[in-house]
Amino acid sequence: MVRRPVAWIVAVVLFAEALGIAALNWFMGVVVDRQNMSLAGMDPDVMSTSSKIGGILFGLYFALCALVALLVALRDRAPAGLGRVLLISAAVVHGLLGAFAWGLLRWPQFLFMVVVLALIVLLLMTYDAQERPAARQPRDGKGDGGGDPASPAPAPPAPVTPPTAPTTP
């Protein structure tokens with residue numbers, strides 16, 4: 001039974017985005033190579049190759065983030081260690097890409113980046129809550145907490161910070 005489908009959704013979206021990013025950069029590299037374009041005197045072959053390599057690396061990064069989300073979905077546990085860092089970095093990347101999309105492109109691209117960002121944050125927050133153990137039954141078997149009703153209430157917890165020290169004039 002799937003309790004939290006958000007991890008599955010994030011995995012699918014990130015896998016699709018990984019393929020899309022890699023394909024887009026590969027296409028841009030092919031276009032630069034075929035048109036023999038140059039930017040500020042740079043070699044077109046270098047530009048084409050760097051676009052293709054960058055697309056593959058960026059696609060692999062998103063695929064690795066999608067793999068972490070898939071493992072979270074399969075295990076139904078919170079991501080830990082490097083996986084958590086990867087998902088947080090993917091959220092930051094989507095926030096930055098959303099800002100660039102708002103400034104350079106139109107609102108649908110911005111909306112897509114914000115939705116993916118929200119899904120990643122939702123994945124991180126959904127699994128962040130620690131599940132607490134069930135309340136223990138009292139030893140005498142009474143469901144109301146047992147014990148004497150006239151017993152004193154438990155002491156309040158100690159303050160987190162000490163009181164301020166008095167100052168001298």
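Helix 3 and helix 4 are roughly antiparallel to each other, a class that covers angles over 145 degrees. The model is a predicted one, in which local features need pLDDT of at least 70 and side-chain atom pairs count only at pLDDT 80 or more, while totals for chains, interfaces and linings use all residues. Residues are numbered from 1 along each chain as its sequence is written, and side-chain values use heavy atoms, with hydrogens and water left out.

Helix 3 (residues 82-104) packs against helix 4 at an angle of about 160°, and their axes lie 8 Å apart. Axes are lines fitted to C-alpha atoms, for helices over the stretch in contact, with angles running from 0 to 180 degrees between N-to-C directions. The crossing of this pair is left-handed, that is, the near helix is turned anticlockwise from the far one by less than a right angle. On the side of helix 3, the residues that meet helix 4 include Leu 87, Ile 88, His 94 and Trp 102; among their counterparts in helix 4 are Trp 107, Phe 110, Met 113 and Ile 120. Contact here means heavy atoms within 4.5 Å. By class, 16 nonpolar, four polar and one charged residues form the contact of helix 3 with helix 4 (nonpolar: Ala, Val, Leu, Ile, Met, Phe, Trp, Tyr, Cys and Pro; charged: Asp, Glu, Lys and Arg; polar: the others, Gly among them).

Helix 4 (residues 107-126) also packs against helix 1 (residues 6-35), at an angle of about 140° and with the axes 9 Å apart. Helix 1 is therefore oblique to helix 4. The crossing of helix 1 past helix 4 is left-handed. Helix 1 contributes Val 6, Ala 7, Ile 9, Val 10, Val 13, Leu 14 and Glu 17 to the contact, and the residues from helix 4 include Phe 112, Val 116, Leu 119 and Thr 126. This contact comprises 13 nonpolar residues, one polar and one charged.

Overall, the protein has four helices and zero strands, assigned as DSSP runs (helices H or I, at least four residues; strands E, at least two) and numbered from the N terminus. Of its 169 residues, 25% count as buried, meaning under 20% relative accessible area with a 1.4 Å probe, protein chains only. Among contacts with a separation of 6 or more, 67% come from residues 24 or more positions apart.

Asp 76 lies in the loop between helix 2 (44-75) and helix 3. Although not a glycine, Asp 76 has a positive phi of about 55°. Most residues other than glycine have a negative phi.

Terms used. Angles under 35 degrees count as roughly parallel, over 145 as roughly antiparallel, 65 to 115 as roughly perpendicular and the rest as oblique. Buried means under 20% relative accessible area, exposed over 50%, partly exposed in between (1.4 Å probe, protein chains only).
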